[in-house]
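Hi,

Here is the structure I promised to pass on. Have a look at it first, then read my notes below.

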Amino acid sequence: MPRFRAILDTVPAYKAGKTAVSADGRSYKLSSNESPYGPLPSVVEAVSKAASEMHLYPDPAATELTNTIAEKYGVPPEHVAPGAGSVTLLQQLLETVGEPGAEVVYAWRSFEAYPLMADLSGVTSVRVPLLGETHHLEAMADAITPRTRMVFVCNPNNPTGTVVHAAELEAFLNRVPEDVLVVLDEAYREYVRDADVTDGLTVYRERPNVAVLRTFSKAYGLAGLRVGYLIADEPVASAVRKTTVPFAVNHLAQVAAIASLAAEDELLERVDAVVKERGRVREALISQGWTVPVTEANFVWLRLGERTMDFAGSCAVQGLAVRPFAGEGARITIGTPEANDAFLAAAEAFRNA
């Protein structure tokens, strides 16, 4: 029997969002925060043309994509590091600091990949409980020690959808030592409408120890192609590029991301439609009697405690897959109006029962 790392005996595998089918064949997947819309026609056309080149290796540096992102945000190309989704870039960041004794601080509950990736990289997790469903930044700053190498701030937070505002983020960053990297995980940035939420790319320009993670998986609707990017000062971006698996971002993903950026105005109209539905769903849930935190992402969060799995099971019977976190709550993606209506009906039925 081959010998493996002892950590593998305790690390659970990442669980992707499930699907559910009702007795009458209905199925709505609201468990993975996917866009309810397919890729834009111009993106499909670009990918179709690029498909004839699948026999060739992709550009390992994703040069055109890197330059396109750099131009869009007005940053040097050397500050951009593309990756196979922001979660892979998260793993690469941890690889840059992962050594015995190193610690990473993050809120909990937050993105479920944080503890998994931290454990696999050999870094010790320091979890700081949420305060009012959002980051308790003062407590997170208190948790930083000489062993801390990195801090994750998921903004908006997954799975609660809550945000950190400008003043509290600035106060927090003022307390973080310059040799500790703060990673602003902004996978849902395009859905933010709260003007008091600082754009991480503004912060990074002023603080060399701040890095920003973004993805094309959510608002851009490219979850199936796996492409994201990091923007940070050159030393950080360079360290991340050193940990990249060769050819990590495939050719079709690079082409699709570039085409998506070219069609951004049309794409953001779809984002606005999701934001409008988000408001409608939250208001309807509140009118049913649920407590729903203000969300700036493409999902809502219900704190259900011990009722969580019963709620998820009740939804599944109706063909609705939601994302339960046993003993805590459920995250529900904003889908099409039809899917959202089906969920609202299921939520009301469960509450009445």
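Let's start with the sheet: seven strands form an open sheet in the order β2-β8-β7-β6-β5-β3-β4, with mixed pairing. Strands here are DSSP runs (E, at least two residues), helices are runs of H or I with at least four, and both are numbered from the N terminus. Two strands count as paired if DSSP finds at least two bridges between them. At the edges sit β2 (80–83) and β4 (124–129), each pairing on one side only. On average, neighbouring strands are turned by 20 degrees against each other, direction ignored.

Before going on: this is a predicted model, where local features need pLDDT of at least 70 and side-chain atom pairs count only at pLDDT 80 or more, while totals for chains, interfaces and linings use all residues. Residues are numbered from 1 along each chain as its sequence is written, and side-chain values use heavy atoms, leaving out hydrogens and water.

Inside the sheet, β3 (residues 103–108) and β5 (residues 148–154) pair in the parallel sense over four bridges. Val 105 has Val 151 in β5 as its bridge partner.

Now the helices. Helix α2 (residues 63–73) lies across β2, β7 (210–215) and β8 (228–231), at about 130 degrees to β2. Helix α3 (residues 86–97) lies across β2, β3, β5, β6 (181–185), β7 and β8, and runs at about 165 degrees to β5. Angles go from 0 to 180 degrees between N-to-C directions, with axes fitted to C-alpha atoms (for helices, over the stretch in contact), and contact means heavy atoms within 4.5 Å.

Enjoy!
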